[in-house]
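Subject: Structure for your review

Dear colleague,

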Amino acid sequence: MQHEHAIGQAVPRPLVDGFGRTATYLRLSVTDRCDLRCTYCMSENMTFLPRRDILDLEELYRLSRIFMARGVRKIRITGGEPLVRKNIMSLFTMLGAELERGALDELTLTTNGTLLDRYAETLFVHGVRRVNVSLDTLDPGRYRAITRWGRIERVFAGIEAAQAAGLKVKINAVAMRGPFENEVDDLIRFAHCRGMDLTLIEEMPLGEGRHDRRESFLSLSNLRETLSKRWTLEPLAVSSGGPARYVRVRETGSILGFITPLSCDFCTACNRLRVSATGDLYTCMGNEGRIGLREALRASADDRPVDALISRAVALKPEGHAFSITNTHIDGIARTMSVLGG
């Protein structure tokens, strides 16, 4: 793809915010649609955006290249559920070519896993080596209740296909008070016995879920203390470039991560930016502030106006998120967890 004034250059100008943090990681949403309706993320009867409001695949690729020209080295494709996007593999083809030419270090995917068995081999061919699969329970009935109509067998088939294709799989599980507390040990065994890491995520006040988060919220700081009575958790000084803090479970030899947006701040080393499927740039997962890139992207083949908007947004990136939860009040953001989660 050629543009009249491409901004690529041999030495990218880094995207440094006002607190000295450099953005090198882009989470790129390709759709607002999903084939599930998880209770903590979406209402059952969603009204999705009209197609004209969603960036087409060529626009998503062009936007990715603009970010790469500013020093972004890792791109994670998200949704909604990214694999429901029509012709989505063409975007992976284009971004995979960026991996081959060295403009990108890593291309990854977060998925609910229901379509992974169909696309796993193709993802590997286009340079994807790791995928995150969202799975909050191993119980078919509870999975159906959480997702409203999902079949857990499809997720298991997707995980199996991904591993057979050579993809490293990490399981993401949203921790909630109640049955989850009795299942977390089984999730650890399930993931670790199959060579997969597991990351536990505090329920974030995101999306259009309708249940009471004050009732469902489970502090991972408290859960970690409880787990330490049953497992030997050895802290690790490693980072994936995201908000997770990791331990090694001595009994399994594998990794367990904790993402704690409400009970523990993770903002000081934030290196990520988020772009919605409509082209809105969010510099913080826990603030409503955004800058729209779509109009500038569609107005001209000149990349420089989009680049200038990105610079302005990064300069205004807040020091930390605004999530909070108490016994009487919750402050949240009207965006889905799959766009912003771990």
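**Packing of H1 and H2**

In this predicted model, helix H1 (residues 57–68) packs with helix H2 (residues 88–100) at an angle of about 25°, and their axes are 9 Å apart. Because angles under 35 degrees count as roughly parallel, H1 and H2 are therefore roughly parallel to each other. The crossing of the two helices is right-handed.

On the H1 side, the contact is made by Leu57, Glu58, Leu60, Tyr61, Ser64, Arg65 and Met68. Their counterparts in H2 are Ile88, Ser90, Leu91, Met94, Leu95 and Glu98. Sorted by class, the residues in this contact are eight nonpolar, two polar and three charged.

**Cavities**

How many cavities of 30 Å³ or more does the structure hold? There are two.

Which residues line the second largest cavity? The lining consists of Leu15, Asp17, Arg21, Thr22, Ala23, Cys270, Asn271, Arg272, Leu273, Val314 and Lys317. Two elements, strand E2 (22–23) and strand E12 (272–275), each give two or more residues to this lining. By class, the lining of the second largest cavity comprises five nonpolar, two polar and four charged residues. Among the charged residues that line this cavity are Asp17, Arg21, Arg272 and Lys317.

Yours sincerely

Notes
Residues are numbered from 1 along each chain as its sequence is written. This is a predicted model: local features need pLDDT of at least 70, side-chain atom pairs count only at pLDDT 80 or more; totals for chains, interfaces and linings use all residues. Side-chain values use heavy atoms; hydrogens and water are left out. Axes are lines fitted to C-alpha atoms, for helices over the stretch in contact, and angles run from 0 to 180 degrees between N-to-C directions. Helices (H or I, at least four residues) and strands (E, at least two) are DSSP runs, numbered from the N terminus. Angles under 35 degrees count as roughly parallel, over 145 as roughly antiparallel, 65 to 115 as roughly perpendicular and the rest as oblique. A crossing is left-handed if the near helix is turned anticlockwise from the far one by less than a right angle, and right-handed if clockwise. Contact means heavy atoms within 4.5 Å. On a 1 Å grid over the protein atoms alone, a cavity is a set of points where a 1.4 Å probe fits but cannot get out, and a pocket is an open set with protein on both sides within 12 Å along at least five of seven lines; lining residues have an atom within 4 Å of a point. Grid points are joined across faces, edges and corners, and a volume is the space filled by probe spheres set on the points.
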